[in-house]
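Visitor: I'm new to reading protein structures. Could you put one up and let me ask about it?

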Amino acid sequence: QAYVSAIEAANGQLNAYVMPTPEKAMAMAAQSDARLAKGEAGALEGIPLGVKDLYATEGVHTQACSRILEGFEPRYESTVTANLWADGAVMLGKLNMDEFAMGSSNESSCYGPVKNPWRRKGSNLDLVPGGSSGGSAAAVAAHLAAGATATDTGGSIRQPAAFTGTVGIKPTYGRCSRWGIVAFASSLDQAGPIARDVRDAAIMLRSMASVDAKDTTSVDRPVPDYEAAIGRSVKGLRIGVPKEYRVDGMPGEIEALWQQGIAWLKDAGAEIVDVSLPHTKYALPAYYIVAPAEASSNLARYDGVRYGLRVPGKDLTEMYERTRAEGFGREVKRRIMIGTYVLSAGYYDAYYLRAQKVRTLIKRDFETVYADGIDALLTPATPSAAFGIADQDMASDPVKMYLNDIFTVTVNMAGLPGIAVPAGLTEEGLPLGLQLIGRPFDEETLFSLGSVIE
Ligand code: GLN
């Protein structure tokens, strides 16, 4: 009830939820009460969570914050949310996001931007919460949810977590089922939680993760008790600091934060090692070929016939054209255009195939440092703190927006786990995050290290 009331009071201002579901929340909470009374509590019994609008929720409007899915009510539940409800969690509603999870500021949503609950000291300027999981991050930061589901294709869990002082983990590719999550770039997409601290993120991820016959890329490995990794000694762990992440024009406060993180881990007994990931500089351009290519293919299904919006035309082709012209926003259209181009005959080898080769090299960079005995890597989560809504620089040049992902996309390209942990504040009082990158399926080490930093 407290969360339902808080959403009623504050959501008009923040725009974090696109569809609160108070009745459903109260009904699920009543079921939790009944199970608690019988001594049958699940791991998340009664815990109120928000759900990113990318997750299909049975009987609850699911739109990926795109006009083209207007009116779509799935008759099925995503595996990840089904896992959460099976453990007793309570659904508070659907959360705002960039349209089809394409963006880094939550401004491409058909429901308009989300406001970051944080502001610069002494300023009234509204800031973005990051994206694409901006609603998830803002809701958790403003206590409008105890935790939230999110997804990360190139940074969409970690960047908004860093911008809002929350914790976000993108687990290893295959750790969570993607079934029932609207597909953006299938070889990069992963589900994960945004939570208020490392412990909550660990508890949530344990419930979210599972192998699933409906997603053949999900992996059949036992899900460890992630919470048990918190507080575990990090003594003797070897932490790599990749020199290529010291990018040109990096603000001094980000560099200082990174040094602070290094000092904390050293104090806790970890060994810090300088390492090199030589192909890092190609990660962002390669990502912005691979992700749009997969998106252009995944989004072909929105044709006005099978889901949501249909804008009639004089014949079938005109109906397709009108539906897609009206249904998709600018950024989504840009991605479809890029993706179609790089996959087309004559350009496929020059762009898509080459990007896939670069992706292999990026993955090998990580394999090499891990083979040298590095347990995890420490980097900044983002190249800056949260920026203003409708920032002119970003709005006029999409590539500036893409640069937000510079520290996060490599992790998706290599399929590795990465966590963003709040680590300090800017001089103006805005949160900044550090990122820890782990070995495949070694989320536990990230939770151990993350709890040293937070
Ligand atoms: N900002 C990146 C993009 O726009 C990542 C998005 C994501 O992780 N879903 O593609």
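Here are some questions and answers about this model.

Guide: Two things before you start. Residues are numbered from 1 along each chain as its sequence is written. This is a predicted model, so local features need pLDDT of at least 70 and side-chain atom pairs count only at pLDDT 80 or more, while totals for chains, interfaces and linings use all residues.

Visitor: How many residues surround the ligand?

Guide: A residue is near a molecule if its C-beta atom, placed from the backbone, lies within 6 Å of it. Among the closest here are A101, S104 and S156.

Visitor: Which residues does UniProt list under "active site"?

Guide: That label comes from an unreviewed entry. UniProt positions follow the numbering used here, feature names are shortened, and annotations may be inferred rather than shown by experiment. The record names K52, S132 and S156.

Visitor: Is K52 buried or exposed?

Guide: K52 sits in strand 2, residues 48-52; strands (E, at least two residues) and helices (H or I, at least four) are DSSP runs, numbered from the N terminus. A residue is buried if 20 or more other C-beta atoms lie within 10 Å of its own, exposed if 12 or fewer, and partly exposed in between, with C-beta atoms placed from the backbone. K52 has 32 such atoms within 10 Å, so K52 is buried.

Visitor: Where does S156 lie?

Guide: S156 has 37 C-beta neighbours inside 10 Å, so it counts as buried. Contact means C-beta atoms, placed from the backbone, within 7 Å, and not counting residues up to four places away in sequence, S156 touches A101 and S132, among others. Its place is the loop between strand 4 (147-152) and helix 5 (158-164).

Visitor: Why is strand 3 largely enclosed by the rest of the structure?

Guide: Strand 3 covers residues 90-95. It is largely enclosed because the number of its six residues that are buried is six.

Visitor: Do strand 2 and strand 3 run parallel or antiparallel?

Guide: Two strands pair if DSSP finds at least two bridges between them. Here five bridges join strand 2 to strand 3, and P48 has V90 as its bridge partner. The two strands run parallel.

Visitor: Which way does strand 1 run with strand 3, parallel or antiparallel?

Guide: Strand 1 spans residues 17-20, and three bridges join it to strand 3. In one of these pairings, M19 has K94 as its bridge partner. Strand 1 and strand 3 run antiparallel.

Visitor: Is the peptide bond from G131 to S132 cis or trans?

Guide: Most residues other than glycine have a negative phi, and most peptide bonds are trans. S132 is in the loop between strand 3 and helix 4 (134-141). The bond from G131 to S132 has omega near 5 degrees, and it is cis.

Visitor: What is the phi of A101?

Guide: A101 is in the loop between strand 3 and helix 4, and it is buried, with 31 other C-beta atoms within 10 Å. A101 is not a glycine, yet its phi is positive, near 70 degrees.

Definitions and conventions. Contact = placed C-beta atoms within 7 Å.
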